[in-house]
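Let's take a walk through this structure together, one region at a time. Keep the sequence and the 3D view side by side as you read.

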Amino acid sequence: WRERVQAKDFWKRAYPVIILTAVVAISVTALTYTDRFTRGEIEAQMEAETEAMLSEMFPEMSRYEFANDIYTIYSDGERLGYAFIATGKGYGGNIDILVGLENKDIIKDITIISNEETPGLGTRITEPSFTNQFKGLDIGKVALREEGGGVDAITGSTISSAAVIDAVRKAAQEKVSLIEEGQEG
């Protein structure tokens, strides 16, 4: 009789653990299969979005190559420029920026891909009045105008503005070094 009570007591305690284990196993399996089925589609969509942004920045683009986190842009075999993603830390979080270079010294354009800045203030970094300041700017002049650079901060959004400026400058310097190493090697 005592053994029966112990066995019954064991199953009372084990039952929730067994059910929870089964639920977790089923959930993990479902998530794994969902990831396998959707990963290719998500990557294809991201690739299409990237190509659209590059085409907008480089309208003459016929193709691009991607290596070392740098897009090399071509038009009928002739190199048009380079592009890469720069990430800065703004007031609200990360700011992702697509930066296009005409050559190793001059910025062609920038596009704010995503940001978590304060709506109405920090998000003004996406406006052409701010981003157009980078067009044709020498990489060495990517700084606030008050620091000797060529970019004016947005009033009320100094942190966001500075985050974009710093991210563009630092990433451009890093990528240009990689481009130069690749051309030498």
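Let's begin with Asp-166, which counts as partly exposed because its relative accessibility is 31%. Keep in mind as you look around that this is a predicted model. The side chain of Asp-166 has a partner: it meets Arg-169 in a salt bridge, at 2.9 Å from N to O. Both residues sit in helix 3, three residues apart, or about one turn of the helix.

Now stay with helix 3, but turn to the inside of the protein. In soluble globular proteins, nonpolar side chains tend to be buried together. Here the largest nonpolar core has 29 residues, and those with the most contacts inside it are Ile-97, Ile-110, Phe-134, Val-164 and Val-168. At least two residues of this core come from each of strand 3 (78-89), strand 4 (94-101), strand 5 (107-115) and helix 3. Which of them gives the most to the core? That would be helix 3, with nine residues.

Strand 4 is also where you'll find Gly-100. Is Gly-100 buried or exposed? It's buried, since its relative accessible area is 0%.

Next, hop over to helix 1, which covers residues 2-57 and holds Phe-10. With a relative accessible area of 48%, Phe-10 is partly exposed. Together with Trp-11 and Ile-18, Phe-10 forms a nonpolar patch on the surface, and the three share about 350 Å² of accessible area.

Arg-13 pairs with Asp-9, and their closest N and O atoms are 3.3 Å apart. The two are four residues apart in helix 1, so about one helical turn separates them. Arg-13 is exposed, at 57% relative accessible area, while Asp-9 is partly exposed, at 38%.

How many salt bridges are there in the model? The count comes to seven. Another one of them joins the side chains of Glu-127 and Arg-124, at 3.7 Å from N to O. Both ends are partly exposed: Glu-127 has a relative accessible area of 32%, and Arg-124 comes in at 29%.

Asp-138 lies in the loop between helix 2 (128-131) and helix 3 (158-184), and is partly exposed, with a relative accessible area of 34%.

Terms used: Residues numbered from 1 in each chain as written. Predicted model: local features only at pLDDT ≥ 70, side-chain atom pairs only at ≥ 80, totals over all residues. Heavy atoms only, no water. Buried < 20%, exposed > 50% of the residue type's maximum accessible area, 1.4 Å probe, protein only. Core = buried A, V, L, I, M, F, W, Y, C linked by side-chain atoms within 4.5 Å. Patch = residues over 30% accessible without salt bridge, like charges linked within 9 Å, V, L, I, M, F, W, Y side chains within 5 Å. Areas by Shrake-Rupley, 256 points an atom, 1.4 Å probe, with all protein chains shown as cover. Salt bridge = Lys/Arg side-chain N within 4 Å of Asp/Glu carboxyl O.
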